[in-house]
Amino acid sequence: MAFSMRYLDLKQKIRDVRMLAIQGIAKAGSGHPGASFSAAEIMGTLYFRKMKHDHLNPQWENRDYFINSKAHSAPGFYATLAVAGYFSDDEINDLRKLGSRLQGHPVRYSDEEKDHSVPGVEYSGGSEGIGLSVSIGIALANKLDKKKNRIYTLIGDGETNEGQVWEAAMAAPKFRLDNLVAILDRNRIQQDGFTEDIMPLDPMRDKWTSFNWNVIEIDGHKVEQIIDALNKTSSVQDKPTIIIANTIKGNGIKHMANVPQWHGKAPPNKHTPLLLEELDSEFLIAPSIIAGRRENYEEKVRAAERGGADIIHLDVMDGKFVPNITFFADTIKKLRHITSLPFDAHLMIENPLEHIDEYIDARCDIITVHAEACDENIFTQINHKLLSNGISPGIAINPSTDLPDWIYSHLQNIDVIIIMSVDPGFAGQKFVPQILPKMALTNKKLRESGFKGYIEADGGIDATTLQQVYDIGARILVAGNAVYGSTDIHAAIIQLKHTANVALERRLLEHATKLGIRVDWMKTRKHILIPLANELGIEEEFYAIKE
Ligand code: DX5
Ligand code: ZN
């Protein structure tokens with residue numbers, strides 16, 4: 001499934017939401033990180049991609065509605081609204097402060113209450129189990145008004161302990177509310193523990209199906225699956241839809257993930273720089289399917305998906321720009337239907353402008369052209385086409401090329417910059433270490449110039465080189481031979497992710513040392529660090545730390 005809007009831009013906005021939310025919670029000293037982070041992709045995809053809404057005119061009569069029934073995810077919700085432009089990012093520092101607009105549980109906006117509520121909030125939450133009923137009222141009213149808009153409701157799994165949720169579950173199909181979409185944040189943890197211990201909810205899918213809902217089940221952290229599911233709901237008639245989004249409470253901060261105590265506990269303020277660094281270090285593994293044996297590409301895409309790849313890297317070579325021919329847009333088109341994973345097309349071709357429409361048509365999600373194959377004028381035309389089709393634009397440079405100066409005036413419109421670490425043309429070549437200083441410098445310069453997108457490392461990436469490029473800022477990691485040259489593709493991808501994770505933990509530890517909180521950080525992150533203690537060389541240190 002291709003996106004109606006830019007994939008990498010969406011990912012980056014969701015990263016900003018998490019960063020903003022954690023800052024607010026730490027500063028407030030209370031709030032719900034776990035519940036905010038499990039729903040970050042759901043809320044982000046709704047606000048940044050799917051919903052019809054206008055931050056300049058929140059009461060616009062044709063808007064889609066978002067009802068946040070699990071209102072304790074307020075920090076994530078507020079952060080989403082801020083990133084969507086409803087109010088300024090800085091206001092998150094007022095979270096939960098007396099007299100602030102950002103109360104612990106959001107209050108429905110009204111002009112009379114404008115000092116205690118923010119525009120964009122449609123529902124006053126706090127008491128659990130009510131949001132779905134309210135949504136039914138809104139959905140019915142909109143049907144009566146013959147409006148074409150949609151009502152999206154986020155419900156928590158803990159709150160489905162409430163009887164009222166099941167009354168609403170009976171009512172919505174009775175009224176054939178096909179304008180209503182409930183999204184269940186199925187993170188399996190509620191305030192006091194695991195949902196299945198407190199009040200067993202499974203089989204969730206069967207329950208909603210038997211209440212006559214259209215049920216779709218997805219991984220709630222994969223934006224491509226969320227978009228796919230939301231798109232499917234528009235063709236459903238006479239029934240409401242529920243999307244069961246399987247999520248991880250606290251997703252994004254490893255020591256919070258899946259730990260019940262982080263449902264509603266603030267991290268100490270001194271941890272904030274480390275948490276922000278972790279969130280900013282999220283990476284994507286992109287297997288390049290031209291590598292390895294000459295077996296069919298479909299199987300390679302499937303194997304990458306099974307192994308947990310984040311995106312698929314597609315190396316297009318025309319035999320002119322590079323001395324090799326691989327495949328073209330027709331092949332990509334055939335591969336498109338077998339996966340919802342985003343397609344990252346790397347065009348190593350002459351005259352990219354002449355061919356760009358074919359790759360747009362093949363529904364790639366990211367399209368990168370080479371700086372050596374275009375000038376500013378050509379790039380601008382390509383860029384315009386990509387942006388107007390909701391595709392993430394990229395620019396690539398060879399090991400011996402520097403980023404052209406004109407790129408700096410287009411940074412707002414570029415989502416990814418590929419810095420090649422081999423001369424393009426073939427998979428399985430040796431990593432060129434000379435690119436490391438260039439990558440470090442380019443990354444620094446880009447950040448100083450306000451670049452918010454991704455650096456992609458491509459060529460000769462294996463467990464060792466991955467760590468080097470990751471440490472200097474690469475966040476999309478292409479791996480051809482390291483994945484498909486291996487006998488076990490699944491294990492190879494896990495190995496690459498593991499390497500990046502170890503590199504991150506090492507960096508965070510160093511950062512913690514600089515902040516003077518190393519021991520404290522090691523205690524907080526004990527269950528993440530102990531299994532890695534040997535690799536990180538901190539076993540002795542752990543023995544020395546007495547509880
Ligand atoms: C090189 C391609 C790379 C390459 C990746 O021209 O752009 O994507 O195939 O494969 P490895 O990781 O084997 O270098
Ligand atoms: Zn490539």
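Arg 96 sits in the loop between helix H4 (74–83) and helix H5 (131–144). Helices (H or I, at least four residues) and strands (E, at least two) are DSSP runs, numbered from the N terminus. Phi of Arg 96 is near 65°, a positive value in a residue other than glycine. Most residues other than glycine have a negative phi, and most peptide bonds are trans.

This is a predicted model: local features need pLDDT of at least 70, side-chain atom pairs count only at pLDDT 80 or more, and totals for chains, interfaces and linings use all residues. Residues are numbered from 1 along each chain as its sequence is written, chains are lettered from A and ligands numbered from 1 in the order in which they are written, and side-chain values use heavy atoms, with hydrogens and water left out.

## A cis peptide bond

Asp 202 and Pro 203 are joined by a cis peptide bond, with omega about 0°. Pro 203 is in the loop between helix H7 (195–198) and helix H8 (204–210).

## Around ligand 1

The shell around ligand 1 holds 20 residues (each with a heavy atom within 4 Å of the ligand). Among the closest are Asp 315, Asp 458 and Asn 481. The shell divides into nine nonpolar, nine polar and two charged residues. Here Ala, Val, Leu, Ile, Met, Phe, Trp, Tyr, Cys and Pro count as nonpolar, Asp, Glu, Lys and Arg as charged, and the others, Gly among them, as polar. Strand E9 gives the most to the shell, with three residues.

A polar backbone atom of Gly 425 is 2.8 Å from one. A polar side-chain atom of His 313 lies 3.4 Å from an oxygen atom of the ligand.

## Aromatic pairs

The whole structure has 10 aromatic pairs (rings of Phe, Tyr and Trp, its six-membered ring, with centres within 6.5 Å; planes under 30 degrees apart count as stacked, over 60 as edge-to-face and the rest as tilted). Phe 283 and Tyr 470 have ring centres 5.4 Å apart and planes at 75°, so this pair is edge-to-face. Phe 283 lies in the loop between helix H10 (272–280) and strand E8 (284–287), and Tyr 470 in helix H16 (residues 463–471), so the pair ties together parts 187 residues apart in sequence.

Definitions and conventions: A polar contact is a pair of N or O atoms within 3.5 Å; within protein, one must be able to donate a hydrogen and the other to accept it, and residues adjacent in sequence count only if both atoms are side-chain atoms.
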